[in-house]
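This briefing goes through one protein model by topic. Keep the structure in view while reading.

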Amino acid sequence: MPKILFIQPSQYGPDGKPLKQKLINLPGLVFPLLAALTPPHWEVEMKLEVVDEIDLETDAELIGIGTMGYAMFRGMELADEFRKRGKTVVMGGYMASMTVSEALKHVDSVLVGDAEISYPLMLQDFERTGKLQPVYDHPLDKLEGLPVPRYELLTSKPIGNMLPVQAGRGCPNSCSFCSVACIYKGRYIFRPVAEVIRDIKAVRDLGFKRFYLIDDNLVSNEKYLLELVKEIEPLKMKWGTQCALKIGDKTQLLKQLVRSGAQIMSFGIESITQGGLDKLNKSWLRVDDHERLIANITRAGIMVSSEMIIGLDSDTEASIRATYDFINKSRIPIPRFYILTPTPGTELYDEFKAAGRLVTEDWKLYDGSTAVFKPENMSPQRLTELFWELYQRVFSLRCILRRTLFHPAARKSPLMHLYAFMVNLHYRRYVYKRVPPNIL
Ligand code: SF4
């Protein structure tokens with residue numbers, strides 16, 4: 001029986017070793033989905049390096065490596081090791097899809113973008129000839145008929161209390177730094193509501209009361225979202241997702257989301273400077289609206305988690321310090337920051353490269369916590385210092401308590417705010433190790 005080993009590498013910590021955790025709060029969906037697409041005569045094993053050890057002497061003939069963000073660099077190192085041992089190695093995921101020629105220095109083949117057509121073709125080639133094409137690139141134009149992901153591959157790992165479900169892929173927007181925009185180029189493909197509900201029921205049948213819709217911007221199709229939440233409501237489950245902050249202006253929709261069990265959402269707020277948002281091609285978000293929209297979402301009963309980018313051309317030392325005031329004032333329970341990173345493959349990378357603004361092309365430094373370009377208003381080193389200063393101030397115990405256990409909304413939802421408090425303590429430990437917390 002042929003065997004494929006799926007590996008989700010971890011990212012490197014400050015000591016140069018792959019980071020480890022005791023638990024994955026939000027596991028990914030890609031490998032359980034690929035496992036469900038694997039013909040039954042194949043054996044499938046999955047390792048998530050953040051909680052599992054990777055056995056380089058595996059008996060699998062084929063190794064499939066995921067490239068989630070900065071973990072791609074560890075993935076390349078693993079790929080080299082496996083190839084030294086005679087294994088055939090394939091990479092897929094956003095990062096490999098955007099940097100195909102770089103990935104091909106380390107692997108036999110890259111699956112670009114959607115894998116539902118490419119992956120079975122790749123397996124067939126491997127079985128028939130033992131050889132792979134360097135690139136399999138077969139974008140989907142519909143997302144119908146996907147199998148139920150093999151969730152048991154996740155439930156056998158130390159994970160939190162949620163499983164992932166996907167309603168669609170892509171985003172209609174085209175923010176210049178975004179890998180989703182880079183791959184889907186303004187497209188958003190939705191799955192049939194009945195199939196999404198089937199997967200949510202599969203999650204429920206495994207004993208889970210919570211799920212996470214891993215879509216990138218579910219609010220972009222309000223009609224679809226309404227149809228979906230109408231079907232989710234009777235399931236009596238709790239859920240979260242990520243979407244655009246402008247949902248804060250949609251009072252009725254928010255009410256329906258909360259009625260269906262929505263509890264927490266993550267928003268790309270990005271910046272407190274309008275110039276920064278404009279530069280990211282995100283002018284549809286207005287900084288003057290941030291606080292009001294956050295307050296509306298919170299008032300509706302949904303906890304806000306946020307992502308922001310530090311080091312935009314509009315950023316000064318003063319605006320980075322003011323970002324602390326913004327978080328403190330708006331009491332975002334779970335905030336995260338990254339230094340602007342011109343990821344290869346994005347518009348932003350092309351622009352910075354052409355302008356001679358990249359200070360290094362050592363990809364290991366493209367980790368979201370190191371300035372790898374010349375900022376407009378300070379040196380790269382100063383930007384990195386200010387980033388960590390911001391993180392340390394935002395993750396002081398006083399600030400954490402103020403935005404979690406002492407948040408006015410904690411009276412209504414004490415357990416959620418206790419959860420946010422615990423997440424913040426977990427992030428705080430990361431910050432003190434100089435590792436930017438991420439959504440895992
Ligand atoms: S709205 Fe979010 S997902 Fe969509 S392109 Fe912008 S950053 Fe990417």
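At roughly what angle do the axes of helix α8 and α9 cross, and within what distance do they come? In this predicted model, the axes of helix α8 (residues 193-205) and α9 cross at roughly 35° and come within 10 Å.

**Domains**

- The domain assignment divides the chain into domain 1 (3-137) and domain 2 (161-432).
- Taken over C-alpha atoms, the centres of domain 1 and domain 2 are 26 Å apart.
- Where the two domains touch, domain 1 supplies 14 residues and domain 2 supplies 16 residues.
- On the side of domain 1 that touches domain 2, the largest share comes from helix α3 (residues 94-98), with three residues.
- Sorted by class, that side of domain 1 has eight nonpolar, five polar and one charged residues.

**The sheet β2-β1-β3-β4-β5-β6**

- This open sheet has six strands in the order β2-β1-β3-β4-β5-β6, and the pairing is parallel.
- The edges are held by β2 (43-48) and β6 (135-137). Each has a single partner strand, so one side of each is left without a neighbour in the sheet.
- From one strand to the next, the twist averages 20°.
- Five bridges pair strand β3 (residues 62-66) with strand β4 (residues 88-92) in the parallel sense.
- Which residue in β4 is the bridge partner of I63? The partner is V89.
- Helix α2 (residues 72-84) lies across β1 (3-8), β3 and β4. The helix α2 runs at about 160° to β4.

**The sheet β7-β10-β11-β12-β13-β14**

- Six strands also make up this open sheet, in the order β7-β10-β11-β12-β13-β14, with parallel pairing.
- Why is one side of β7 and of β14 left without a neighbour in the sheet? Both β7 (162-165) and β14 (334-339) stand at the edges, and each has a single partner strand, so one side of each has no neighbour in the sheet.
- The twist in this sheet averages 20° from one strand to the next.
- β7 and β10 run parallel and are joined by four bridges. Here M162 stands opposite R210 in β10.
- Strand β10 (residues 210-213) also pairs with strand β11 (residues 238-242), in the parallel sense and over three bridges. F211 stands opposite W239 in β11.
- As background, strands of a sheet pair through backbone hydrogen bonds, either parallel or antiparallel.

**Helix pair α8 and α9**

- The crossing angle of α8 and α9 is roughly 35°, and the crossing is right-handed.
- On the α8 side, the contact is made by V193, V196, I197 and I200. On the α9 side, E227, L228, E231 and I232 take part.
- By class, this contact has six nonpolar, no polar and two charged residues.

**Helix pair α9 and α10**

- Helix α9 (residues 222-232) packs with helix α10 (residues 251-259) at an angle of about 30°, and their axes are 9 Å apart.
- Angles under 35 degrees count as roughly parallel, and α9 and α10 are therefore roughly parallel to each other.
- The crossing of α9 and α10 is left-handed.
- Which residues of α10 do E222, L226 and V229 in α9 meet? They meet L253, Q256 and L257.
- The contact of α9 with α10 has four nonpolar, one polar and one charged residues.

**Helix pair α13 and α15**

- Helix α13 (residues 317-330) and helix α15 (residues 380-394) have axes 10 Å apart and pack at an angle of about 20°.
- The two helices, α13 and α15, are therefore roughly parallel to each other.
- Is the crossing in which α13 passes α15 left-handed or right-handed? α13 passes α15 in a right-handed crossing.
- From α13, the contact takes E317, I320, T323, Y324 and I327. From α15, the contact takes L386, L390, R393 and V394.
- By class, the contact of α13 with α15 has six nonpolar, one polar and two charged residues.

Conventions: Residues are numbered from 1 along each chain as its sequence is written. This is a predicted model: local features need pLDDT of at least 70, side-chain atom pairs count only at pLDDT 80 or more; totals for chains, interfaces and linings use all residues. Domain bounds come from an automatic or database domain assignment. Two residues are in contact if their C-beta atoms, placed from the backbone, lie within 7 Å. Ala, Val, Leu, Ile, Met, Phe, Trp, Tyr, Cys and Pro count as nonpolar, Asp, Glu, Lys and Arg as charged, and the others, Gly among them, as polar. Two strands pair if DSSP finds at least two bridges between them. Axes are lines fitted to C-alpha atoms, for helices over the stretch in contact, and angles run from 0 to 180 degrees between N-to-C directions. Angles under 35 degrees count as roughly parallel, over 145 as roughly antiparallel, 65 to 115 as roughly perpendicular and the rest as oblique. A crossing is left-handed if the near helix is turned anticlockwise from the far one by less than a right angle, and right-handed if clockwise.
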